[in-house]
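Have the viewer open as you read.

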Amino acid sequence: MGTFNLKTDASNKVLHIELAGSFSQEDGLRSIAAYQDAIASMNTKEFNLHIDCKKLNVTAPEIVPLLEGCLAMLKKSEFKKVVLILDNNTILKMQLARLGRTVGLDNLQIVSNITA
């Protein structure tokens, strides 16, 4: 089961999201609804988005289209910068980087201690 936590830091203009576990279709849809509620009243063009993926598992093949849709949604939200924070998961890093390129999320930055 995947979990998510959203926190807005209005003074520093950052939306923090923490993702953990393995997301099912239902988990993904709940997180999307929470995200949309969180950004409804903010001017996302003035905010950075930081997503902590250190506890997130590699996405199952049947969930990849949902993840791709989420990244497309992030692009549409027009944050100043989207930062994904990873820890020691080369496969997840490659998966997220590839999907980010696929949807044209040009302001995506992946922060990781992985050098590959």
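## Salt bridges

Glu78 is partly exposed, at 43% relative accessibility (buried means under 20% relative accessible area, exposed over 50%, and partly exposed in between, with a 1.4 Å probe and protein chains only). Glu78 forms a salt bridge with Lys45, and their closest N and O atoms are 3.3 Å apart; the term stands for a side-chain nitrogen of Lys or Arg within 4 Å of a carboxyl oxygen of Asp or Glu. Because Glu78 sits in the loop between H2 and S4 and Lys45 in the loop between H1 and S3, the pair ties together parts that are 33 residues apart in sequence. Helices (H or I, at least four residues) and strands (E, at least two) are DSSP runs numbered from the N terminus.

A word on the basis of all this: the model is predicted, so local features need pLDDT of at least 70 and side-chain atom pairs count only at pLDDT 80 or more, while totals for chains, interfaces and linings use all residues. Residues are numbered from 1 along each chain as its sequence is written, and side-chain values use heavy atoms, with hydrogens and water left out.

How many salt bridges does a search of the whole structure find? It finds five. One of them joins Glu46 to Lys13, with the closest N and O atoms 2.8 Å apart. Glu46 lies in the loop between H1 and S3 and Lys13 in the loop between strand S1 (3-9) and strand S2 (14-21), so this pair also links parts 33 residues apart in sequence. Glu46 is partly exposed at 37%, and Lys13 is partly exposed at 33%. Asp52 and Lys54 form another salt bridge, at 3.9 Å between the closest N and O atoms.

## Helix H2

Just after H2, Glu78 takes a positive phi of about 60°.

## Helix H3

The buried residues of H3 pack against strand S3 (48-56), helix H2 (64-77), strand S4 (81-85) and strand S5 (108-111). Gly104 follows H3 and has a positive phi, near 75°.

Gln95 is found in H3 and is buried, at 9% relative accessibility. Leaving aside residues up to four places away in sequence, Gln95 touches Val58, Thr59 and Val64. Ile91 also lies in H3, but is exposed at 52%.

## Cysteines and a buried aspartate

A search of the whole structure finds zero disulfides, a disulfide being a pair of cysteine sulfur atoms within 2.5 Å. Cys53 is in no disulfide, and the nearest cysteine sulfur, that of Cys70, is 11 Å away. Cys53 is buried, with a relative accessible area of 4%, and Cys70 is buried at 17%.

Asp27, in helix H1, is buried at 4% relative accessibility. Not counting residues up to four places away in sequence, Asp27 touches Met1, Gly2, Phe4 and Ser22.

Notes
Contact means heavy atoms within 4.5 Å.
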